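Have the viewer open and follow along.

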Amino acid sequence: MFENYFSKIRKDQSYSLGLIYFAAIVVLCQMAWVPGFFQDGHLYAGFAKNAAQFGHWLIPRLSEDTYSRFHQHPPFIFALGGIFFKIFGSSVTAARLFGVLFSLLSVFFITREAKKQNGDSLAFYAGLILIATLPFIKKSRFPNLDTPLMLFILLSILSYYRAFVSGKSIGWILSGIFFGFALLCKGPPAFAIPLAILLHLGLTKNLKKLIKPLPWISLVLGMMIFSIWPLMLKLTGNFDVFEKFITNMSFNTRGRGESDNNIFEYLIFLFKYAAPWLLLSLYGIFLSYKRKDHFILLMGSLFLSILIPFSFMTFKLSHYLVPLYPAMAVLAAYPITSWVSGRQVYIYGCLKVLIVIGALVLLIFPLTTKTRRDKEIFKVFEVVEKLENQPNSWGIIDSSYDFFRLANLLGFHNYNNAYKIQRNGLEAFLKGEKMESFVHHHQPIDLSGRKWIFLINPERAKHFSINFPDIYKEKLVPLIYIKKYNLLVLIERRLINRGEKALFTIK
């Protein structure tokens, strides 16, 4: 039976990239309808939604008092997200699919180029390894800046290679354009592109190409595309946003005050979560240099141009490594191609069965589709959304809950504000006094006329109920107790009609 199954698979069919693309869609889109993702995902989705709904295209805005003038990154990707929301509507699913789109395109372009340069086998295994890289899967499932950065870095490098091989100017022009787009994603990380090109020219002994004007025209073109953003800010009287961006970039590069710098941290991370691919990629770099394979050397140059400089930065986050995963996949696939010769039909046949069965299992049994992040807050949302009179301001008393976790979530879902409030701020609220001096904020705010819901430690709430029994009972009602965080949710009595029976527990 098995021999009959494998005999029907042609050798040329066994390298079908259609199977890789199908697997990529299944793996990366499997959680597309699940609410709740990493807090930066809510932040970036909030920027895109508010661009689409309220016109905040040039200066991203999360809410009235939280990131009302965001300066930490250019608005390019948020604007693209806003256009995506304009077309498909703003929802959790649309936000996830927007993030996935860049990863799917990266899988497509890296496999297409690998096939063109080194044949079917490299393309097949590079795609397979990329979609089997756990950090790549994880970072692709929510809207972020690193997957777009990955795509534009990849397109810039592949366009350069077209110019390297053919000598045609169009490759340099396209490389410069995509370099500009990469700069508009996150700024300085895009300089991995010229560094990788320089390293590749050196390893292939082609530094003389830098004598010609096209490489420099490409570099200047990318910088010109990036300069459109500060120019627009200047023309609209908002250049302070760009000045703060420059300051923030310097701050992050120095490490936000961090004193310890383990230059092997990223290597340890890759070894922990992608050890086989890391070891194979290092061997792939060695083989490519030994065999003088210029395309694989380019992937090695890109891999090293991201890993090494980023390793010397004091401030490190795992998602900064996302742009190196396509290059790592190609490098890891390079030695595999010679090992699987003669076995490809059997490998393809087994993979086809496993992928189809896996897709059916995930379709029939909704595994890994439950909300894991902020599920307690989503339950609070369910209760609050049923109220006829909705609160519009959420106060976190004495850091009883993570501020940005809540603020980013609120900014995306309903544009409400979150505030870090000292305990004296709640006392001022109970007494009908101004709360502003007890609220952490970076700009003047006016809290008059707000409709409040508060998150507070139960012991702290008990203190207020004892010391201000009458006005506490008059103004506030316990709505929900979240056992996991030992967190009590209080709401203004005027917003609810169920009185003392409102309290229930979320475990």
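Start at Ser 301 and look at what surrounds it: beyond its neighbours within four places in sequence, Ser 301 is in contact with Ala 196, Leu 199, His 200 and Leu 203. Keep in mind that you're looking at a predicted model. Ser 301 sits in helix α14, which runs over residues 294-311. Its relative accessible area is 0%, so Ser 301 counts as buried.

Another residue with that kind of setting is Pro 148, in helix α8 (residues 146-166). Pro 148 is buried too, with a relative accessible area of 0%. Leave aside its neighbours within four places in sequence, and Pro 148 is in contact with Ile 77, Phe 102 and Cys 185.

Now zoom out. The protein has 21 helices and seven strands, and its C-alpha trace spans about 80 × 65 × 45 Å along the principal axes. Of its 507 residues, 53% count as buried. Take the contacts with a separation of 6 or more, and 75% of them come from residues 24 or more positions apart. The accessible surface comes to about 23,700 Å², and carbon and sulfur atoms hold 62% of that.

Next, follow α13, because this helix has a story of its own: a straight helix of 27 residues would span 39 Å at 1.5 Å a residue, yet α13 spans only 30 Å between its end C-alpha atoms. Where does α13 kink? Look at Ala 274, shortly before the proline Pro 276, where there's a kink of about 120°. Just after α13, Lys 292 takes a positive phi of about 60°.

With a relative accessible area of 30%, Ile 263 is partly exposed. Ile 263 belongs to a nonpolar surface patch with Phe 264, Leu 267, Ile 268, Ile 308 and Phe 312, and together they have about 550 Å² of accessible area.

That leaves the charged residues. Side chains of opposite charge can pair when their charged atoms come close. A search of the whole structure turns up 12 salt bridges. In one of them, the side chains of Lys 244 and Asp 240 meet at 3.9 Å, N to O. Why are these two about one helical turn apart? Because they're four residues apart in helix α12. Lys 244 is partly exposed at 42% relative accessible area, and Asp 240 is partly exposed at 27%.

Helix α19 (residues 423-431) holds both Glu 427 and Lys 431, again four residues apart, about one turn of the helix. Their side chains meet in a salt bridge at 2.8 Å, N to O. Both ends are partly exposed: Glu 427 has a relative accessible area of 23%, and Lys 431 comes in at 42%.

Glu 492 counts as buried at 7% relative accessibility, whereas Arg 494 is partly exposed at 49%. To finish, find Glu 64, Asp 65 and Arg 450, which are linked in a network of salt bridges.

Conventions
Residues are numbered from 1 along each chain as its sequence is written. This is a predicted model: local features need pLDDT of at least 70, side-chain atom pairs count only at pLDDT 80 or more; totals for chains, interfaces and linings use all residues. Side-chain values use heavy atoms; hydrogens and water are left out. Patches are made of residues with over 30% relative accessible area and no salt bridge: like charges are joined within 9 Å, nonpolar side chains (Val, Leu, Ile, Met, Phe, Trp, Tyr) within 5 Å. Accessible areas come from the Shrake-Rupley method with a 1.4 Å probe; for residues, only the protein chains shown count as cover. A salt bridge is a side-chain nitrogen of Lys or Arg within 4 Å of a carboxyl oxygen of Asp or Glu. Buried means under 20% relative accessible area, exposed over 50%, partly exposed in between (1.4 Å probe, protein chains only). Contact means heavy atoms within 4.5 Å. The bend at a residue is the angle between axes fitted to the seven residues ending there and the seven starting there.
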